[in-house]
Amino acid sequence: MSLHGHIIPPGATLGVLGGGQLGRMFAMAARRLGYRIHIFCPEADSPAAPVADRTFVAPYEDLEQVEAFARSVDVVTFEFENVPSATSEACARVVPVRPEGRVLHITQQRLREKTFLQAHGFPVTPFRAIHSLADLQSATRDLGLPGVLKTASFGYDGKGQRTLRSASEISEAFTGLGGAEGIYEAFVDFAQEVSVVGARTLDGQFAAFPVFENVHANHILDVTVCPARIPAAVETAARDLSRGILETLEVIGLLTVELFVSRDGRLIVNELAPRTHNSGHLTLDACITCQFEQQVRAVCGLPLGSTELKSPAAMANLLGDVWKDGPPRWERALSNPRLKLHLYGKTSARPGRKMGHITATAETPEAAITAVRQARSSL
Ligand SMILES: Nc1ncnc2c1ncn2[C@@H]1O[C@H](COP(=O)(O)OP(=O)(O)O)[C@@H](O)[C@H]1O
Ligand SMILES: [Mg+2]
């Protein structure tokens with residue numbers, strides 16, 4: 001292999017499993033750098049398709065199509081982690097998959113993920129596996145109430161989870177799992193939620209973005225602000241945790257760590273995502289390198305870009321609910337000339353569906369939050 005043999009240079013074709021907004025913004029960043037993009041996803045009208053050079057529309061289980069997709073690209077990455085292992089393995093027989101299927105396997109199941117973190121000394125809330133009503137009864141006795149019962153697999157945006165506050169809710173909550181494997185977690189009475197998007201290359205270069213502070217509404221991310229309003233020591237500790245986790249998992253690519261900050265300033269890992277993250281969207285407008293370009297660089301073996309924040313910034317999600325009284329009045333939000341609008345090209349605006357986001361840069365984090373909240377409510 002030549003000295004530069006591990007670099008996948010601009011002009012090459014990048015493959016993405018998944019066609020949602022993360023894939024769309026990855027494709028846009030990759031194109032800017034001169035790459036071609038092929039998408040594989042089950043839906044015909046995915047947000048990423050209009051900005052891709054080619055889209056393979058087939059179920060993830062169609063391994064013949066998966067192989068054809070893999071043959072058409074130079075590297076495969078993800079924007080969605082609930083891809084079956086067999087799909088990433090089929091790709092890996094043809095081209096490098098970054099991060100590897102092993103990382104995907106651990107992070108797509110909450111029990112495996114928390115067991116991995118705990119085994120390597122990363123802080124997590126106490127948890128138990130739930131396979132029966134008796135498991136849930138003893139878990140609530142051991143870990144106490146309140147606590148959060150989640151399906152071990154396929155959860156996102158709070159789907160498949162429920163907070164238990166009293167023993168009277170146990171049996172109904174167990175029934176709600178519908179036979180799926182569950183996890184019961186001790187409730188974390190957190191002061192804040194934060195996340196760290198970290199990137200790592202084949203030769204071990206690591207870079208984390210500044211810590212993002214996240215506010216959820218109805219279990220869905222609502223607003224992210226950066227810099228996070230946390231002490232410098234917590235900022236450093238969060239970035240160190242990110243580095244430790246990416247290095248332990250030997251991630252090549254991006255991985256997001258969602259964290260709770262306890263009232264006494266301790267960090268507890270909530271979950272991992274082996275990809276870009278909704279909380280990282282403000283990097284598009286506020287950092288020297290955005291998270292999508294960083295993913296391109298990391299999976300292609302290019303040096304990582306600067307993660308420096310150019311200005312305090314805030315991001316607010318635009319859910320389908322914004323459309324409930326008719327088409328949003330974009331001109332009102334954009335009357336703030338520092339406001340940036342990002343829409344994902346989705347045609348049906350169901351309540352709770354992520355349709356786009358807005359970002360504002362400002363003198364202070366508080367001013368940026370006020371700006372995005374005002375802009376959103378003016379729509
Ligand atoms: N153990 C917990 N204690 C307190 N709040 C929690 C706990 N687990 C989840 N939550 C809340 O629910 C949100 C969504 O949970 P999460 O595990 O991140 O699932 P998802 O995959 O849906 O994002 C978290 O961001 C947090 O606000
Ligand atoms: Mg989460």
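## Cysteines

The closest cysteine sulfur to that of Cys287 belongs to Cys226 and lies 6.1 Å away, too far for a bond. For Cys290 the closest cysteine sulfur is in Cys287, at 9.0 Å, which is likewise too far for a bond. A disulfide is taken as a pair of cysteine sulfur atoms within 2.5 Å, and the structure holds zero of them.

Cys287 counts as buried because its relative accessibility is 3%, and Cys290 counts as buried at 5%. Buried stands for under 20% relative accessible area, exposed for over 50%, and partly exposed for the range in between, with a 1.4 Å probe and protein chains only.

## Basis of the model

This is a predicted model, in which local features need pLDDT of at least 70 and side-chain atom pairs count only at pLDDT 80 or more, while totals for chains, interfaces and linings use all residues. Residues are numbered from 1 along each chain as its sequence is written, chains are lettered from A and ligands numbered from 1 in the order in which they are written, and side-chain values use heavy atoms, with hydrogens and water left out.

## Site of ligand 1

Around ligand 1 there are 20 residues, of which Lys150, Gly158, Glu193, Asn270 and Glu271 come nearest; a residue is near if one of its heavy atoms lies within 4 Å. The shell comprises seven nonpolar, six polar and seven charged residues, where Ala, Val, Leu, Ile, Met, Phe, Trp, Tyr, Cys and Pro count as nonpolar, Asp, Glu, Lys and Arg as charged, and the others, Gly among them, as polar. Ligand 1 lies between domain 2 (126-186) and domain 3 (190-378), because both give residues to its shell; the bounds come from an automatic or database domain assignment.

Oxygen atoms of ligand 1 lie 2.6 Å from a polar side-chain atom of Lys150 and 2.8 Å from a polar side-chain atom of Glu271. A polar backbone atom of Ala186 is 3.2 Å from a nitrogen atom of the ligand. Of the 540 Å² of accessible area that ligand 1 has on its own, the protein covers 92% (Shrake-Rupley method, 1.4 Å probe).

## Helix α10

Helix α10 spans residues 291-300, and nine of its ten residues are buried; helices are DSSP runs (H or I) of at least four residues. Among the buried residues are Phe292, Glu293, Val296 and Cys300. Gly301 follows α10 and has a positive phi, near 75°.

Conventions:
Polar contact = N/O pair within 3.5 Å; in protein donor to acceptor, adjacent residues only side chain to side chain. Helix = DSSP H or I, 4+ residues; strand = E, 2+ residues; numbered from the N terminus.
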